[in-house]
Amino acid sequence: MPYPIEHKLVIGIASSALFDLSASHQVYLEGGPEAYRRYQEQQVDTVLDKGVAFPFIRRFLGINRLHPDTGPVEVVLFSRNSPETGLRVMNSIAHYGLDISRACFLTGESPYRYLPAFNTSLFLSANEEDVRRALQADYPAGLVLPSRTEDDEADGELRIAFDFDGVIADDESETVFKRNNDVGEFHAHETARVAIPHQPGPLADLFRKLSVMQQLEEDAQRADPGYKKILRIAIITARSAPAHERVVTTLKSWGVSANETFFLGGMEKARVLSIFKPHMFFDDQLSHLHSPGGNIPMVHVPFGVANRLV
């Protein structure tokens, strides 16, 4: 039987992350809500271009195609549009064949309050206010940053990369480092607490549920050696030895792991990202969210000490 939504891995997506709404937004800025409404109604049959998160979402929904009996994942649209102005978005979803049937249209209001109603493990938006309000309410969210959209349909994998501190784990250790920007103090703190797992960070639930998806793939491959896995997960952190050991302790205590883990010791993350080529990379620090080609989808998680507004 298909999973009920409370047992699924659910991603909430704003139309601003799924599609390129730059032209629509410009109309809103220049003419206000009424001009925006007229524009969307006039363009209702014009298909929107793919946005930064589109390749990620398309592949994520592909998990259901490989597990049609259970349908373990779902994507829900969360929109500041009204149902009328959001009709173009829904038509574009249908045009691209995305299996998205549930939607919330809030007519100008932030959708963050409704995330728990849909069991949402991640909310992706290009609206910074909505993302910050979600995180302040302890809901998992990320700000999709502008980048060049590339969607190689011949590439069937879904590759997701995470920073560790302030993303998967809490910002306890980041707070120690930020106090004096002292790597030695940070390493001493981590060595003293090597056997103590971190508390979960904002995307810990997402990481755990992705691990469940990986186990589904392991089971499918055991039943059918010809089954080709689609999900690959990486952790890419600025930590290095001896601070690496607490990462291992934490993940082991949660019963999860990554396919690939990189302890870079402050080396530029783009060097690894350009090879791993994730369809989404999550980091709490904007300084880590860049790539030479501008073609890696980046998500800022404005959580914790690294993102306190002064």
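A cavity is a set of grid points where a 1.4 Å probe fits but cannot get out, and its lining residues have an atom within 4 Å of a point. The model discussed here is predicted. The structure holds one cavity of 30 Å³ or more, and the space in the largest cavity comes to about 30 Å³. Its lining consists of Ile11, Phe56, Phe60, Ile160, Phe162, Leu206, Leu210 and Phe282. Two or more of the lining residues are given by each of the elements α3, β6 and α8. By class, the lining comprises eight nonpolar residues, with no polar and no charged ones.

Aromatic contacts may be considered next. Ten aromatic pairs are found in the whole structure. In one of them, Phe56 and Phe60, the ring centres are 6.3 Å apart and the planes meet at 20°, so this pair counts as stacked. About one helical turn separates Phe56 from Phe60, because the two are four residues apart in helix α3 (residues 54–66). Phe56 and Phe60 are both buried.

Phe162 and Phe207 form an edge-to-face pair, with 5.3 Å from centre to centre and 75° between the planes. Phe162 belongs to strand β6 (residues 158–162) and Phe207 to helix α8 (residues 204–223), so the pair ties together parts that are 45 residues apart in sequence. Both of these residues, Phe162 and Phe207, are buried.

Two further aromatic arrangements deserve mention. Phe19, Phe54 and Tyr96 are linked into a cluster by ring pairs. Arg208 lies over the face of Trp254, at 4.7 Å from the ring centre.

Notes:
Residues are numbered from 1 along each chain as its sequence is written. This is a predicted model: local features need pLDDT of at least 70, side-chain atom pairs count only at pLDDT 80 or more; totals for chains, interfaces and linings use all residues. Side-chain values use heavy atoms; hydrogens and water are left out. Rings of Phe, Tyr and Trp (its six-membered ring) pair if their centres lie within 6.5 Å; planes under 30 degrees apart count as stacked, over 60 as edge-to-face and the rest as tilted. Buried means under 20% relative accessible area, exposed over 50%, partly exposed in between (1.4 Å probe, protein chains only). A charge sits over a ring if NZ of Lys or CZ of Arg is within 6 Å of the ring centre and within 35 degrees of the ring normal. On a 1 Å grid over the protein atoms alone, a cavity is a set of points where a 1.4 Å probe fits but cannot get out, and a pocket is an open set with protein on both sides within 12 Å along at least five of seven lines; lining residues have an atom within 4 Å of a point. Grid points are joined across faces, edges and corners, and a volume is the space filled by probe spheres set on the points. Ala, Val, Leu, Ile, Met, Phe, Trp, Tyr, Cys and Pro count as nonpolar, Asp, Glu, Lys and Arg as charged, and the others, Gly among them, as polar.
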